[in-house]
Amino acid sequence: MTTPTPISLTRTQQPAAKPDDASLSFGKVLTDHMFVMNYTEGKGWHDPRVVPYAPLSMDPATSVLHYGQAVFDGLKAFRGADGKIRLFRAQRHAERLNKSCRALCIPEMDVELVRRSFEAIVEADHDWVPHAKGTSLYIRPTVIATDVMLGVHPAHSYTYFVICSPVGAYYKEGVKPVRILATDNHVRAVQGGLGEAKTAANYAASLSAQQEAEKLGYTQVLWLDGVERKWIDEVGTMNIMMQIGDEVITPPLAGTILDGVTRNSILQLLRDWGVKVSERKVSIDEVMQAGRDGTLKEMWGTGTAAVVSPVGELGYKGEKIAIGNGQTGALTQKLYDAIVGIQYGTAPDAHGWTSEVKVPVAA
Ligand code: COI
């Protein structure tokens, strides 16, 4: 048996004051520590460590700043009703980060070490995991290319870091319907591109469409495929699902969309419950028609940040379709409650999705 790579710990001498749980929004407050590990050619990934949170010092010619060779992921730690701290699907997030690395020509890491990096940072910052209902500690693992050079090719050196932010419920009211706009002016990703990787470029590609949608009073963009501009891909930064008649439909993982961890969890729950689920292509015309004839019952986005985000209105080519009278649907609410119950340890975790982070016992 090989001994696991040790992760060193240097504690901050200047712990920051923690915010009130009631004041938490998304990603604005960062914790006291960060996990860091470096890659150099010939040496591989080395020096995994938890250190005081600090700015990264970078040469202006560092390659990530110019060509975006960067990947990230996002997962959460929850303080349960029983006081235990649990990570949700840490292993799957670690595997997905490596998959994103492959897509961006970044050397893969040891998945087990990545999973332990999540535990190590939460252990160091365990008193930053907020207590109030609906709050959590958002964990942001990121890998960046650090070569100092202006040539366009995969770098020879990288930094992996993990930072954390105590976050509030995505919506203060819990689950709240949003208005979304399907666009055929902009595309987020194409087959053969980077759509299935969690990489900065996909988010940069989304900004101008998002801004346009907001100007028209919508919260998110419903992305259509890049070729025919007809097939539904994703919504905002989330996967999309809808119930038409008795069928729950979500676009297949066919190269342009992210393999969402919440998407996967929800599909599993629906199958557990005996709901008819199809991972199939679904066109905007099919959805608009279902909206007109009343068979479009519910629609929701899925993601780590919001868990599920109900869609109350869909706009496309000047037409507006109200979904479920603009209210959160029963299935959407049931899915939200089921996932949140598992995350906070108030519902049985039948699939072993959570893992407890053991924290030091106070002396
Ligand atoms: C999520 O829904 O979890 C996301 O990916 C959003 C994140 C980029 C803030």
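The model is predicted. After that, have a look at how H6 packs with H8 and how the axes of H2 and H3 cross.

**Around the ligand**

- Lys198 brings a polar side-chain atom to 2.7 Å from an oxygen atom of the ligand.
- Thr304 takes part through its backbone, with a polar atom there lying 3.1 Å from a ligand oxygen.
- Ala305 also has a polar backbone atom facing the ligand, at 2.9 Å from an oxygen atom.
- On its own the ligand has 290 Å² of accessible area, and the protein covers 86% of that.

**Helices H6 and H8**

- Two packed helices are described by the angle between their axes and the distance between the axes.
- H6 spans residues 261-272 and H8 spans residues 330-343; their axes are 11 Å apart, and the packing angle is about 110°.
- Because angles of 65 to 115 degrees count as roughly perpendicular, H6 is roughly perpendicular to H8.
- The crossing in which H6 passes H8 is right-handed.

**Helices H2 and H3**

- H2 covers residues 90-103 and H3 covers residues 111-124, with axes that come within 9 Å and cross at roughly 125°.
- H2 and H3 are therefore oblique to each other.
- H2 passes H3 in a crossing that is right-handed.

Conventions. Residues are numbered from 1 along each chain as its sequence is written. This is a predicted model: local features need pLDDT of at least 70, side-chain atom pairs count only at pLDDT 80 or more; totals for chains, interfaces and linings use all residues. Side-chain values use heavy atoms; hydrogens and water are left out. A polar contact is a pair of N or O atoms within 3.5 Å; within protein, one must be able to donate a hydrogen and the other to accept it, and residues adjacent in sequence count only if both atoms are side-chain atoms. Accessible areas come from the Shrake-Rupley method with a 1.4 Å probe; for residues, only the protein chains shown count as cover. Axes are lines fitted to C-alpha atoms, for helices over the stretch in contact, and angles run from 0 to 180 degrees between N-to-C directions. Helices (H or I, at least four residues) and strands (E, at least two) are DSSP runs, numbered from the N terminus. Angles under 35 degrees count as roughly parallel, over 145 as roughly antiparallel, 65 to 115 as roughly perpendicular and the rest as oblique. A crossing is left-handed if the near helix is turned anticlockwise from the far one by less than a right angle, and right-handed if clockwise.
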